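Colleague: I have not looked at this structure before. Could you take me through how to read a few of its features?

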Amino acid sequence: MKRWLFIAASALMSVSALAQTRADSIRVRLLDPSDRSVLVASHRGDWKDVPENSVASIEAAILAGADIVEVDVRRTLGGELILHHGPVLFRPADATSLEEALLASKGRVMINIDKAFRHFRQIVRIARRTGTLNQIIFKSGMRAGEAKALMGEDAGEVIFMPIIHLCSGGALASIEEYEKALSPCIYEWVFNDDSHPALTIAGALSGGRRRIWVNTMWGSLCGGHDDALSLKDPLAGYGWLIRELGVGAIQTDETAYLVDYLKNR
């Protein structure tokens, strides 16, 4: 009898392991403070050959090996959430709705939603309906108290990433506030000076326990260690960010190139 119980338990464990999706495994890495891998975030999807912020760009990013796809979300006058970078009054005929994007990414990749944190409640409702809330990374540059109040009882369930402009006044105080209020698992750092003392202090404030996300689309976002530099000298670009700052997530416009670099570094 005990032997059969053991076999049954083993079978259930095997089924559970098989049930874990790719998105689940990426989320586990993201939340693990001891994980030292670097997650690749595809900026507006992998859009070189397809429209940005579209299902096609999400598909291309997944094919290129991205762990996370960043999308810009806007709300139309009619109240619909769509993927679009700039402000929009009416839904363009070819626009992808947030619901379409979430369904296309379900179980396959994490989704970072930009420009729409003030629509948090509406996004959560759509995500619960599509069964994708555990795949979403919310983010905002607002202060900790405001962010916590906006998320309310959902604050402990969702992944929230504060955006910290490190070279601006109040950046370190903002990190201290977030550590006390929400203890986020990840921060987005924006900096135009790679020698600014705040970079070292910020890491110490979070005790080295938080994953650091850096954007490499433009040099002004990452102290010059951007995609353009990395295409010429990856050790001076991506390599510097990983080596000197311990960066654990990079948002890029060069998804396939970064994925390949990380595999071979």
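**Reading the model, feature by feature**

Modeller: Start at the end of a helix: just after α4, Gly107 has a positive phi of about 75°. Keep in mind that this is a predicted model.

Colleague: Which residues of helix α4 are buried?

Modeller: Helix α4 covers residues 98–105, and its buried residues are Leu98, Ala101, Leu102, Ala104 and Ser105. Seen down the axis of α4, these buried residues fall within an arc of 160°, so they line one face of the helix. The general idea is that an α-helix has 3.6 residues a turn, so residues three or four places apart point the same way.

Colleague: What covers the buried residues of α4?

Modeller: The cover includes the helices α3 (55–64) and α5 (120–130). It also includes the strands β2 (68–75), β3 (81–83), β4 (110–114) and β5 (136–140).

Colleague: Why does Thr255 count as buried?

Modeller: Thr255 has 1% relative accessibility, and buried means under 20%, so Thr255 counts as buried. This residue lies in helix α11. Leaving aside residues up to four places away in sequence, Thr255 touches Val40, Ser42, Asp46, Ala61, Ala64 and Ala66.

Colleague: Now the rings. How many aromatic pairs does a search of the whole structure find?

Modeller: The search finds six. One of the pairs, Tyr238 with Tyr261, is tilted, at 6.0 Å centre to centre and with 45° between the planes. Tyr238 lies in helix α10 (residues 238–245) and Tyr261 in helix α11 (residues 255–264), so the pair ties together parts that are 23 residues apart in sequence.

Colleague: Are Tyr238 and Tyr261 buried or exposed?

Modeller: Both Tyr238 and Tyr261 are buried. Elsewhere, Phe117, Phe120, Phe138, Phe160 and Tyr178 form one aromatic cluster. A ring can also be read together with a charge: the charged end of Lys48 sits over the ring of Trp47, 5.7 Å from its centre.

Colleague: And empty space? What is the volume of the largest pocket?

Modeller: Rolling a probe the size of a water molecule over the atoms shows where empty space is left. Here the largest pocket has a volume of about 450 Å³. It is lined by 29 residues, and the closest to its centre are Gly208, Arg210, Arg211, Ile212 and Gly246.

Colleague: Which elements give two or more residues to that lining?

Modeller: They are α2 (22–31), α8 (198–205), β8 (211–215) and α10. Helix α8 gives the most to the lining of the largest pocket, with four residues.

Terms used:
Residues are numbered from 1 along each chain as its sequence is written. This is a predicted model: local features need pLDDT of at least 70, side-chain atom pairs count only at pLDDT 80 or more; totals for chains, interfaces and linings use all residues. Side-chain values use heavy atoms; hydrogens and water are left out. Buried means under 20% relative accessible area, exposed over 50%, partly exposed in between (1.4 Å probe, protein chains only). The arc is that of the directions from the helix axis to the C-beta atoms. Contact means heavy atoms within 4.5 Å. Rings of Phe, Tyr and Trp (its six-membered ring) pair if their centres lie within 6.5 Å; planes under 30 degrees apart count as stacked, over 60 as edge-to-face and the rest as tilted. A charge sits over a ring if NZ of Lys or CZ of Arg is within 6 Å of the ring centre and within 35 degrees of the ring normal. On a 1 Å grid over the protein atoms alone, a cavity is a set of points where a 1.4 Å probe fits but cannot get out, and a pocket is an open set with protein on both sides within 12 Å along at least five of seven lines; lining residues have an atom within 4 Å of a point. Grid points are joined across faces, edges and corners, and a volume is the space filled by probe spheres set on the points.
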